[in-house]
Amino acid sequence: MLLKNLHIGLALISGIGFALRGYLRLVLDRHPPGPLIRIGPHVIDTLLLISGIGLWMQVRHGLLSWFGLKLALVVVYILLGIGALRSRSRGAGIMLYWLALTVFLAIAVIAIQKP
Ligand code: HEM
């Protein structure tokens with residue numbers, strides 16, 4: 001239960017962090033410097049992954065279930081996020097940003113509404 005709450009908390013921080021960073025960078029065109037913005041997301045996302053693996057070791061869901069779909073969408077979310085923040089075109093970056101946020105929401109809905 002503790003690990004699950006930690007996982008949910010990290011997922012929330014990760015999602016809100018990405019939403020804020022993307023909005024600052026892509027919509028407002030601001031590039032705030034500092035180690036918190038540079039390293040923070042990597043630390044949070046690594047802990048999110050570790051807590052997810054820890055949870056999985058307890059429940060051992062098969063990949064041919066909602067869990068496999070969730071993991072596949074996590075990969076899509078990561079790729080869209082990288083694409084959004086690295087995109088040279090602002091329009092494409094903003095589109096990838098919204099897509100990434102939509103996929104993030106889908107991951108959360110699948111995790112919460114699982115059978
Ligand atoms: C964007 C990334 C992620 C989000 C938003 C997310 C979200 C969530 C949420 C909200 C829950 C709790 C569901 C409930 O109320 O019962 C959950 C549970 C879980 N997550 Fe994640 N998660 C993410 C990434 C991962 C990753 C990368 C893994 C595995 C490597 C993982 C493995 C799990 C497992 C095993 C559970 C427990 C499922 C169960 O209760 O049976 N998650 N996740």
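1. The shell around the ligand holds 15 nonpolar residues, two polar and one charged. Here Ala, Val, Leu, Ile, Met, Phe, Trp, Tyr, Cys and Pro count as nonpolar, Asp, Glu, Lys and Arg as charged, and the others, Gly among them, as polar.

2. A word on the model. It is predicted: local features need pLDDT of at least 70, side-chain atom pairs count only at pLDDT 80 or more, and totals for chains, interfaces and linings use all residues. Residue numbers start from 1 along each chain as its sequence is written.

3. Which residues come nearest to the ligand? Of the 18 around it, they are A11, G52, L55, W56 and A111. The elements giving two or more residues to this shell are α1 (2-27), α2 (35-59), α3 (66-86) and α4 (90-113). The most comes from α2, with seven residues. A residue is near a molecule if its C-beta atom, placed from the backbone, lies within 6 Å of it. Helices are DSSP runs (H or I, at least four residues), numbered from the N terminus.

4. Now the pair α1 and α2. Their axes lie 9 Å apart, at an angle of about 150°. Axes are lines fitted to C-alpha atoms over the stretch in contact, and angles run from 0 to 180 degrees between N-to-C directions. The two helices are therefore roughly antiparallel, a term for angles over 145 degrees. Their crossing is left-handed: the near helix is turned anticlockwise from the far one by less than a right angle.

5. Look at the contact itself. On the α1 side, the residues include L3, L6, L10 and A11. On the α2 side, they include I44, L48, G52 and L55. By class, the contact has eleven nonpolar, seven polar and three charged residues. Two residues are in contact if their C-beta atoms, placed from the backbone, lie within 7 Å.

6. Is A84 buried or exposed? A84, in helix α3, is buried, because 23 other C-beta atoms lie within 10 Å. The cut-off for buried is 20 or more other C-beta atoms within 10 Å, with C-beta atoms placed from the backbone. Beyond its neighbours within four places in sequence, A84 contacts G22, L26, G93, L96, Y97 and A100. The C-alpha atoms of A84 and L99 are 9.1 Å apart, across 15 residues of chain.

7. Y97 belongs to helix α4. Y97 counts as buried because it has 24 C-beta neighbours inside 10 Å. Leaving out residues up to four places away in sequence, Y97 touches G22, L26 and A84. The C-alpha atoms of Y97 and G81 are separated by 6.4 Å, though 16 residues apart along the chain.

Conventions. A residue is buried if 20 or more other C-beta atoms lie within 10 Å of its own, exposed if 12 or fewer, and partly exposed in between; C-beta atoms are placed from the backbone. Angles under 35 degrees count as roughly parallel, over 145 as roughly antiparallel, 65 to 115 as roughly perpendicular and the rest as oblique.
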